Amino acid sequence: MRAFAPLLVAGLLAGCAATPAKDEPNYATVASNGFVSANYTAADKLLMQLSGKLAADKPLIMATVVNIDALDQTSTLGRLVSEQISTRMAQGGLKMLEMKLRNNVYLKRNQGELMLTREIGEVAQTHNAQAVVVGSYAETSDMVFINIKVVQPQSNFVLAGHDYVLAKEGIVRSMLLSR
């Protein structure tokens with residue numbers, strides 16, 4: 001028995017040193033993440049502010065949410081925020097024009113549909129869009145601040161806007177790193 005004691009202790013210590021297995025994502029863990037709900041809430045706020053301000057037959061364009069410190073750059077976070085806000089606004093009854101299917105939009109490799117101010121009016125006119133949804137994000141060590149606006153391209157008037165904050169936890173942090 002004494003001969004097996006060191007082996008038993010070594011086995012127990014090895015088991016303690018191993019890193020715990022990471023749980024596989026499932027519906028419950030993903031659904032509890034606030035990322036999608038924060039973006040949908042932002043879109044819902046925009047929809048409320050836009051009530052009665054837009055023509056039902058004209059589309060809107062969603063520009064890629066960009067890094068406020070480098071307006072020609074974005075990240076996975078910026079692209080996904082854009083996608084989710086566009087989706088929610090379409091669910092709310094607005095005609096959202098899918099720009100990824102268009103050939104004559106300024107696309108920067110790995111960045112998405114980046115539109116600079118001087119291009120917004122041009123693109124909106126070409127596609128008969130009544131408004132463009134634009135946005136930016138700013139990072140701190142533990143937060144990401146997001147600003148979303150719906151802008152009328154002919155006048156540059158802001159028709160609706162919303163600011164919100166995401167905790168810079170694991171999922172959000174990983175989307176910022178993958179630029």
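The stops below go from a helix to the strands and the loop that accompany it.

Please keep in mind throughout that this is a predicted model.

**First stop: helix α6.** Begin by selecting residues 170-177, which make up helix α6, and then colour Val 172, Met 175 and Leu 176, which are its buried residues. If you turn the view to look down the axis of α6, these buried residues fall within an arc of 100°, so they line one face of the helix. On the face turned away from that buried side you will find the exposed residues Gly 170 and Leu 177.

**Second stop: what the helix packs against.** Which elements do the buried residues of α6 pack against? Select α3 (35-50) and α4 (76-91), and then β6 (131-139), β7 (143-152) and β8 (157-167), for these are the elements that the buried residues of α6 meet. Stay for a moment with α4, whose axis comes within 6 Å of that of α6 and crosses it at roughly 110°. The two helices, α4 and α6, are therefore roughly perpendicular to each other. To see the contact itself, show Thr 76, Leu 77 and Leu 80 of α4 together with Val 172, Met 175 and Leu 176 of α6.

Select β6 and β7 next, which pair in the antiparallel sense over eight bridges and are joined by a hairpin through three residues. Within this pair, Tyr 137 stands opposite Ile 146 in β7. Moving on to β8, you will find that it runs antiparallel to β7, with ten bridges joining the two strands, and that Phe 157 in β8 is the bridge partner of Gln 152. The strands β7 and β8 also form a hairpin, with four residues between them, and in its turn Asn 156 has a positive phi of about 65°.

**Last stop: Lys 168.** Finally, select Lys 168, which is placed in the loop between β8 and α6. Is Lys 168 buried or exposed? Its relative accessible area is 13%, which is under the 20% limit, so Lys 168 counts as buried. A polar contact of 2.9 Å joins the side chain of Lys 168 to that of Glu 139.

Note on methods
Residues numbered from 1 in each chain as written. Predicted model: local features only at pLDDT ≥ 70, side-chain atom pairs only at ≥ 80, totals over all residues. Heavy atoms only, no water. Buried < 20%, exposed > 50% of the residue type's maximum accessible area, 1.4 Å probe, protein only. Arc of directions from axis to C-beta. Contact = heavy atoms within 4.5 Å. Pairing = 2+ DSSP bridges. Axes fitted to C-alpha atoms, helices over the stretch in contact; angles between N-to-C directions. Parallel < 35°, antiparallel > 145°, perpendicular 65-115°, else oblique. Polar contact = N/O pair within 3.5 Å; in protein donor to acceptor, adjacent residues only side chain to side chain.
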